[in-house]
Amino acid sequence: MSDKTTILRKVISNELCEFLSLQFRILMIVEYDSGLYSKSASRSELFSKYSPLFLDSLLLYLQPLIQENFKERLLPTYSFGRIYGHQDALPPHFDCRASSEIGVSCCLSKDSEWSLDFYKSDKIESVSLEIGDVVIYHGPSLKHGRAPYCGQEYIGAFLFYVFENGPLKHLKYDTRPFLGCPLPRKS
Ligand SMILES: [Fe+2]
């Protein structure tokens, strides 16, 4: 698989980034503090969320633009969001879910520079995204990670697709019946 990365600048407007960030912060407060969930998120962990409705919406919204970078059409699989704090890092890793064939990392909010490092065969490519920028990559075959964050808050959205005519096409919606649903429980 390719170790190519493609950076698209300013593809999400500042207003939309702000709106999505607000939703994500509210979601974090609800899950940490509301007591509505029997298994509350722990403040000692990074706040991450699989396919919240507003990020699955972004997954569909950006699909035509992401698709322009490939010769084949794509199918959306899932989205993911994470709020990082001071000194949070992302250890170098490959994306392990098969449904992560095409990954898109989006910067929704930040208060400091923070590069995403791609470990290519001949070099480390450090990509710095401004708010509204995205980078497209092949996460299962291209190792990536981040050094500890020097700022206070970074909100990232991660969008994933598979090729419509590829061997992973059965992973459309990550095997969920609809976007916006949780993953089916394993029986
Ligand atoms: Fe990743």
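**Backbone and overall fold of the predicted model**

Gln87 is exposed, with 10 other C-beta atoms within 10 Å. The count falls in the exposed class because that class takes residues with 12 or fewer such neighbours. Gln87 sits in the loop that links β3 (74-85) to β4 (90-93). Its phi is positive, about 75°, although Gln87 is not a glycine. The structure described here is a predicted model.

Ser51 also has a positive phi without being a glycine, here of about 45°. This residue belongs to the loop between β2 (47-50) and α2 (53-67). Ser51 is buried, with 23 other C-beta atoms within 10 Å. The assignment follows because 20 or more such atoms define a buried residue. Thus one positive phi is found at a buried position, Ser51, and another at an exposed position, Gln87.

At the level of the whole chain, 2 helices and 10 strands are present. Their order along the sequence is β-α-β-α-β-β-β-β-β-β-β-β. Contacts in the chain were considered between residues at least 6 apart in sequence; of these, 80% join residues at least 24 apart.

Overall dimensions were also computed. The C-alpha trace spans about 45 × 40 × 30 Å along its principal axes. The radius of gyration is 16 Å. A compact globule of 187 residues would have a value near 16 Å, so the chain agrees with that expectation. Of the 187 residues, 30% are buried.

How values were computed: Residues are numbered from 1 along each chain as its sequence is written. This is a predicted model: local features need pLDDT of at least 70, side-chain atom pairs count only at pLDDT 80 or more; totals for chains, interfaces and linings use all residues. Helices (H or I, at least four residues) and strands (E, at least two) are DSSP runs, numbered from the N terminus. The radius of gyration is taken over C-alpha atoms; the globule rule is 2.2 Å times the number of residues to the power 0.38. Two residues are in contact if their C-beta atoms, placed from the backbone, lie within 7 Å.
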